[in-house]
Amino acid sequence: PIVTDQLWCSKPDIPADAPLPPSQCCPPMSASPAINFTFPNATEPVRTRRPVHEVGAEYMAKYERLVALMKALPDSDPRSFHQQANIHCAYCTGAYRQVGQPELPVQVHYSWLFFPFHRAYMYFFERIARKLLDDPEFTLPFWSWDIPEGMQIPAEFVNKSSPLYDAFRDPAHQPPKLVDLDFWQMEKNLTGEQQIQHNMWVMYKQIVSSPLPSLFHGQPYRAGDSEKPGAGTAELAPHNTMHAWIGNGWYPNGEDMGAYYTAGRDPIFYLYHSNIDRIWEAWRHIRRAAKGNNSSQTMDFTDHA
Ligand code: C2O
């Protein structure tokens, strides 16, 4: 096992029937000590993420170039696509164990760690993107699958010769097939109009009308707790259900997007999660507005405030 400070990373706990087993997914060791995070300078310009269906082909070509650049880096480079994809594997399959408690795996899903973990993941991915593209203004577009304009896999991801292509996706869910935000391994066979209405209903039920922070974010998960105390409404659906919808249902664990150890290998993952990040922020706005407190910059995370 690799030991960093007291954090252990060892062989991941991959399903026995996994068709694509990685031997390990721990990050490469750095010769220098880890640097603590500091918030970016307040004088830095605010950069705005925009939806895939609005950024245009030229902008999407940047994302395509980014993924090509990351895939071209040696696997040992922490910024390589290989290592960035492995981050998801390392924190979700028991490769990390809790400090001083090797019997307890670290798991970033099914608890309140879900939103902040993935936010940090996208944040650093975006910083790598700016560096590699040599474009300080670059932001990750978000695939806005929650509104009708975005309810299909974006065309850029379907071209077999593009670095954005991934062979491990459900062949029945390619465009123009509309997404199903609460897909439970069964096709609903709705008309387009019905599917859109259904998706809007899922968003209303799981996001808009999920007023309690603890229900929305997921259950508390603290050092010494066992994994998966309980997912929030957004994580269960549309988040998990969409992972399953994109991944290939013919593979035993729904690889790539449908399984923790492979989800990050699909280049769509990062734009998919850019939208999850946005939905978190949207929920905070909805809740703030509902409390008639539009000007507040801070958020009250207690249920009964
Ligand atoms: Cu860590 Cu969308 O999953």
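Buried residues make up 35% of the 305 residues in the protein, where a residue is termed buried if 20 or more other C-beta atoms lie within 10 Å of its own, exposed if 12 or fewer do, and partly exposed in between, with C-beta atoms placed from the backbone. The structure is a predicted model, in which local features need pLDDT of at least 70 and side-chain atom pairs count only at pLDDT 80 or more, whereas totals for chains, interfaces and linings use all residues. Residues are numbered from 1 along each chain as its sequence is written.

With 305 residues, a compact globule would have a radius of gyration near 19 Å, and the value of 19 Å found for the protein agrees with this; the radius is taken over C-alpha atoms, and the globule rule is 2.2 Å times the number of residues to the power 0.38. Along the principal axes, the C-alpha atoms fill a box of roughly 55 × 50 × 45 Å. Among contacts between residues at least 6 apart in sequence, 67% join residues at least 24 apart, two residues being in contact if their C-beta atoms, placed from the backbone, lie within 7 Å. The secondary structure comprises eight helices and four strands, which follow one another along the sequence in the pattern β-β-α-α-α-β-β-α-α-α-α-α; helices (H or I, at least four residues) and strands (E, at least two) are DSSP runs, numbered from the N terminus.

The buried residues of α4 are F114, F115, H118, Y121, M122, F125 and A129. Seen down the helix axis, these buried residues fall within an arc of 130°, so they line one face of α4, the arc being that of the directions from the helix axis to the C-beta atoms. Their cover includes α2 (57-72), α3 (81-90), α6 (213-217), α7 (233-246) and α8 (268-290). After α4 comes D134, whose phi is positive, near 55°.

Helix α8 comprises 23 residues and reaches 33 Å from its first C-alpha to its last, close to the 33 Å expected at 1.5 Å a residue. Within α8, the buried residues are I268, F269, Y270, L271, Y272, H273, S274, N275, I276 and W283, and they pack against α1 (52-55), α4, α5 (192-208), α6 and α7. Just after α8, G292 adopts a positive phi of about 65°.

The largest nonpolar core contains 59 residues, of which A90, I268 and L271 touch the most other members; such a core is a set of buried Ala, Val, Leu, Ile, Met, Phe, Trp, Tyr and Cys residues joined through C-beta atoms within 7 Å. At least two residues of this core are supplied by each of α2, α3, α4, α7 and α8, and α4 gives the most, with six residues. When residues up to four places away in sequence are not counted, L271 touches V52, L140, P141, F142 and W143.

Strands β3 (residues 96-98) and β4 (residues 101-105) pair in the antiparallel sense over two bridges, pairing being assigned if DSSP finds at least two bridges between the strands. Q98 stands opposite Q101 in β4, and in this hairpin, with two residues between the strands, G100 takes a positive phi near 75°. Strand β4 also holds P105, which counts as partly exposed, with 19 C-beta neighbours inside 10 Å. Leaving aside neighbours within four places in sequence, P105 is in contact with G94, R97 and E227, whereas the C-alpha atoms of P105 and A85, 20 residues apart along the chain, are separated by 19 Å.

Two cis peptide bonds may be described in turn. The bond from A237 to P238 is cis, with omega near 15°, and P238 is found in helix α7; the bond from E255 to D256 is also cis, with omega near -5°, and D256 is placed in the loop between α7 and α8. Positive phi values in residues other than glycine include that of Y110, near 60°, and that of N189, near 50°.

Methods: Expected span 1.5 Å × (residues − 1).
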